[in-house]
Amino acid sequence: MDATDGPEAVMALYGERINRHRFDELAPLISEEASFWFSEGSFTGPTIRQAFERTWDLVRDEHYWLDELRWIALGPDAASCIYRFNWRGEINGAPTQGHGRGTTVLRREPAGWKIVHEHLSREA
């Protein structure tokens with residue numbers, strides 16, 4: 001399974017690789033034109049890496065996963081899914097966990113399917 005297999009494969013790989021806490025393994029799944037919107041800000045280009053690495057530094061032994069994933073658009077060149085995201089780890093030595101809702105938009109690029117946008121927010 002790789003990023004050329006389709007948007008579903010990209011999301012599965014993303015779910016596996018994010019828990020390795022090595023951005024270089026996530027980078028092939030993310031478009032160079034991507035924008036990520038998190039509760040602490042909006043990130044593009046190299047700031048996406050910085051946002052991930054800042055989170056991994058803050059939340060030790062973080063485990064992140066998605067559930068209730070639903071494809072709301074699935075076409076030959078673009079796709080989008082919504083989901084609930086979950087995480088647990090340690091912050092300042094104390095066990096901590098959280099969850100929220102997310103949207104990911106993917107598009108077919110010459111090198112395969114890539115994440116072009118991710119928006120994570122707290123659940124109301």
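Figure 1. From the N terminus on, the elements of the protein run α-α-β-β-α-β-β-β-β. The protein holds three helices and six strands. The model shown here and in the other views is predicted. The radius of gyration is 14 Å, close to the 14 Å that the globule rule gives for 124 residues, so the protein is as compact as a globular protein of that length. The C-alpha trace spans about 45 × 30 × 25 Å along its principal axes.

Figure 2. Of the 124 residues in the protein, 40% are buried. The protein exposes about 7,100 Å², and carbon and sulfur atoms supply 50% of this area. Among contacts between residues at least 6 apart in sequence, 47% join residues at least 24 apart.

**Figure 3. The hairpin of strands S3 and S4.** A hairpin of three residues leads from S3 to S4. The two strands, S3 and S4, pair in the antiparallel sense over ten bridges. One of the residues to look for is His63, whose bridge partner in S4 is Arg88. In a regular strand, side chains alternate between the two faces of the sheet.

**Figure 4. The salt bridge between Asp77 and Arg108.** The side chains of Asp77 and Arg108 form a salt bridge, with 3.5 Å from N to O. Asp77 lies in the loop between strand S3 (60-74) and strand S4 (78-91), and Arg108 in strand S5 (residues 94-109), so the pair ties together parts that are 31 residues apart in sequence. Asp77 has a relative accessible area of 49% and is partly exposed. Arg108, at 44% relative accessibility, also counts as partly exposed.

**Figure 5. The salt bridge between Arg49 and Asp24.** In this pair the closest N and O atoms of Arg49 and Asp24 are 2.4 Å apart. Arg49 is in helix H3 (residues 46-58) and Asp24 in helix H2 (residues 23-26), and the pair links distant parts of the chain, 25 residues apart. Asp24 has a relative accessible area of 55%, so it counts as exposed, whereas Arg49 is partly exposed at 29% relative accessibility.

**Figure 6. A network around Arg22.** Side chains of opposite charge can pair when their charged atoms come close. Glu25 and Arg22 meet through their side chains in a salt bridge of 2.6 Å, N to O. Salt bridges with shared partners join Arg20, Arg22 and Glu25 into one network. Arg22 counts as partly exposed, at 45% relative accessibility. The count of salt bridges comes to eight.

Technical notes
Residues numbered from 1 in each chain as written. Predicted model: local features only at pLDDT ≥ 70, side-chain atom pairs only at ≥ 80, totals over all residues. Heavy atoms only, no water. Salt bridge = Lys/Arg side-chain N within 4 Å of Asp/Glu carboxyl O. Buried < 20%, exposed > 50% of the residue type's maximum accessible area, 1.4 Å probe, protein only. Helix = DSSP H or I, 4+ residues; strand = E, 2+ residues; numbered from the N terminus. Pairing = 2+ DSSP bridges. Rg over C-alpha atoms; globule rule 2.2 N^0.38 Å. Contact = heavy atoms within 4.5 Å. Areas by Shrake-Rupley, 256 points an atom, 1.4 Å probe, with all protein chains shown as cover.
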